[in-house]
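I opened a notebook page for this model. The entries below record what I looked up and what came back.

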Amino acid sequence: MARTVARVIVDALSELGVHQVFGVVGDALNPLTDAIRTTENLEWVGCRHEEAAAFAASAQSQLSGTLGVCMGTVGPGSVHLLNGLYDAAKSHTPVLAIAGQVPLAELGTDYFQEVDNDALFSDVAVFRATITSPDQLPQMLETAVRHALGRKGVAVLTVPGDLGERELTTNRPARFSLNPPLSRPEEAAVRRAAELLDRSERVTLLVGRGARAAREDVLALADRLAAPMVLTLKAKEGFEGDTNPFQIGQTGLIGNPAAASALQDADTLLLLGTDFPYRDWYPEGKTVIQVDTEPAHIGRRVPVDVGLVGDTGATVRDLLTHLTAVPAGTDGARDRSHLEKARERFEQWREGQARLADPAHDRGLLGRMRSSLDNRTHDIRPEALAAVVNRIADDDAVFTSDTGMATVWLSRFVDMRGERRLIGSYNLGSMANAMPHALGAQCLDRQRQVVAFCGDGGLSMLLGDLMTLKTHHLPVKLVVFDNRRLGMVKLEQEQAGLPEFGTVLDNPDFAAVATAMGIPGIRVTDPADLEKAVRRAFDTHGPVLLDVLTNPDEIAVPAKPTVEQGWGFAVAKVKEIVRSHGDDSTL
């Protein structure tokens with residue numbers, strides 16, 4: 001029996017193990033959504049905005065390691081997918097987007113809602129094509145999927161409105177045969193890297209997402225080298241927790257002084273599976289060895305002495321076989337003082353952070369003095385909120401976070417212990433991702449706890465898709481850091497010596513909004529009520545929105561604050577005070 005274009009595509013998605021397709025129905029998608037309606041084990045998740053649909057597909061792909069799928073109909077529907085697809089592309093995760101198009105005969109006539117999809121998605125997609133004949137399937141679909149999975153990126157397949165219901169003249173099933181490659185660097189390069197490491201007195205590892213699958217190998221290497229391990233944000237998952245005696249947290253603006261010092265004090269820096277982009281945070285004058293699967297990543301952030309192109313696990317295992325058991329010039333064991341010093345600094349920093357996160361902190365002498373300067377209205381400290389969520393959340397919870405201050409508090413106060421997972425727009429840096437990422441994550445497993453760290457600006461940007469959580473009974477816990485600000489922008493302005501401008505948000509009562517949408521909403525304004533409210537939210541069946549009024553003047557001190565930043569912040573605060581008294585816009 002002949003099958004239609006829509007049926008071929010939907011059957012192939014089902015055979016690939018796709019369980020949900022996210023999008024907004026209409027026009028050219030109608031044959032496809034009808035095929036989904038009649039397909040067992042494939043669910044259509046109707047969103048309120050296509051951007052949320054693409055974010056959800058991106059999250060599913062990142063969590064599962066397989067294909068995420070979203071759809072947008074003709075013109076604006078496909079345009080709306082773009083930001084979420086950029087999130088997938090920058091996260092190097094496979095997503096297939098099905099985009100609607102005007103009927104074939106109208107292509108190129110500036111028809112109603114006509115958009116050149118192949119041009120629109122040219123920068124974001126590793127593959128893009130428009131189906132112009134039913135008999136291009138299933139081969140064109142196979143090609144799109146292989147590009148997405150093989151190159152870990154976005155593939156866009158455009159389906160004109162009059163093609164979805166047309167039948168193919170042949171009826172062969174789609175075939176997807178993919179075996180992930182395992183690459184290793186040349187042995188000579190490995191030997192050279194091992195020689196440099198053997199001669200090094202103080203080695204520091206900078207470990208990224210690309211090393212997560214090689215956890216035990218990386219831990220063995222850190223032990224052999226007596227090396228502290230600085231983590232990128234994406235490496236929190238997999239390397240954080242008490243079972244890793246080498247990790248010392250993150251560097252960069254969200255990092256800590258121990259990590260910054262460990263990088264600066266090292267004579268050799270070993271990068272494993274990371275393309276950490278912030279050049280200002282790399283130390284100068286160090287021997288640098290980099291391991292990455294992408295040749296183009298070698299040396300593009302920091303000059304590299306030895307580049308090893310290959311799978312992190314395979315490369316680390318090769319390195320371990322070439323490292324000498326006892327480094328030359330030692331008395332039988334590698335000096336571990338560099339590691340011990342870094343770990344001691346890290347623990348001291350963590351203890352200080354724990355004191356800041358204690359809800360009782362502001363009642364003490366130092367806390368009262370601090371509050372008189374930065375929290376006169378006694379709002380809830382965001383550190384305290386993040387720390388309470390960390391204590392209460394399940395050890396296998398999935399966390400998502402909005403870009404900005406919500407990510408800062410998650411990075412510092414939420415441990416990726418146990419089987420916890422972490423998703424965020426950490427490469428694209430988009431606003432509004434936490435809630436739709438959580439939507440996709442919860443669809444994968446409706447029994448697993450999913451916690452979204454939402455900024456108030458991010459949540460309000462795609463607020464309509466709260467209804468998607470409610471409609472599909474997705475029990476996401478939305479934790480809103482409601483500081484009535486675009487907090488990261490405020491901090492950027494003040495560090496540059498500028499008074500805060502354009503960052504104040506006129507927020508509604510988000511808990512009341514959620515309640516009006518049929519989702520339980522809890523609003524917290526008193527620090528004394530914080531832990532009870534968090535426990536109530538997490539104990540409530542189904543989705544919950546926890547709206548916590550947090551201190552808008554909270555400062556996230558970077559790992560190595562500069563004199564210029566401190567002076568800029570002081571100048572900004574003076575300008576803000578003067579402006580608030582005199583309302584002089586020229587200051």
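**Set-up.** I am working with a predicted model: local features need pLDDT of at least 70, side-chain atom pairs count only at pLDDT 80 or more, and totals for chains, interfaces and linings use all residues. Residues are numbered from 1 along each chain as its sequence is written, and side-chain values use heavy atoms, with hydrogens and water left out.

**Salt bridges.** I took a salt bridge as a side-chain nitrogen of Lys or Arg within 4 Å of a carboxyl oxygen of Asp or Glu. The search of the whole structure returned 30 salt bridges.

I looked up Glu187 and found a salt bridge to Arg191, with the closest N and O atoms 3.5 Å apart. Both residues lie in helix α8 (residues 187–199), four residues apart, about one turn of the helix. Helices here are DSSP runs of H or I with at least four residues, strands are runs of E with at least two, and both are numbered from the N terminus. An α-helix has 3.6 residues a turn, so residues three or four places apart point the same way. For exposure I used relative accessible area: buried is under 20%, exposed is over 50%, and partly exposed is in between (1.4 Å probe, protein chains only). Glu187 is partly exposed at 48%. Arg191 is partly exposed at 39%.

Next I checked Arg301. Its salt bridge goes to Asp275, with the closest N and O atoms 3.0 Å apart. Arg301 sits in the loop between β11 (287–292) and β12 (306–309), and Asp275 in the loop between β10 (268–272) and β11, so the pair ties together parts 26 residues apart in sequence. Arg301 is partly exposed at 24% relative accessibility.

Arg523 and Asp509 also meet in a salt bridge, 3.6 Å from N to O. Arg523 is in strand β17 (residues 521–524), while Asp509 is in the loop between α20 (487–495) and α21 (510–516), 14 residues apart. Arg523 is partly exposed at 36%, and Asp509 is partly exposed at 31%.

I also noted a network of salt bridges that links Arg3, Arg7 and Asp11.

**Aromatic pairs.** My rule pairs rings of Phe, Tyr and Trp (its six-membered ring) with centres within 6.5 Å; planes under 30 degrees apart are stacked, over 60 edge-to-face, the rest tilted. By this rule I count five aromatic pairs. Phe276 and Tyr282 have ring centres 5.8 Å apart and planes at 70°, so the pair is edge-to-face. Both residues are buried. Phe346 and Trp349 are stacked, at 6.2 Å centre to centre and 20° between the planes. Both lie in helix α13 (residues 337–357), three residues apart. Phe346 is buried at 4% relative accessibility. Trp349 is buried at 17%. Ring pairs also link Phe276, Tyr278 and Tyr282 into a cluster.

**Helix α17.** How many residues of helix α17 are buried? I found 10 of the 11 (residues 434–444), so the helix is largely enclosed by the rest of the structure. Among the buried residues are Met435, His437 and Leu439.

**Surface sites.** I looked up Glu419 in the loop between α16 (405–413) and β14 (421–424). Glu419 is exposed at 57% relative accessibility. His541 lies in the loop between α22 (530–539) and β18 (544–549). His541 is exposed at 80%.
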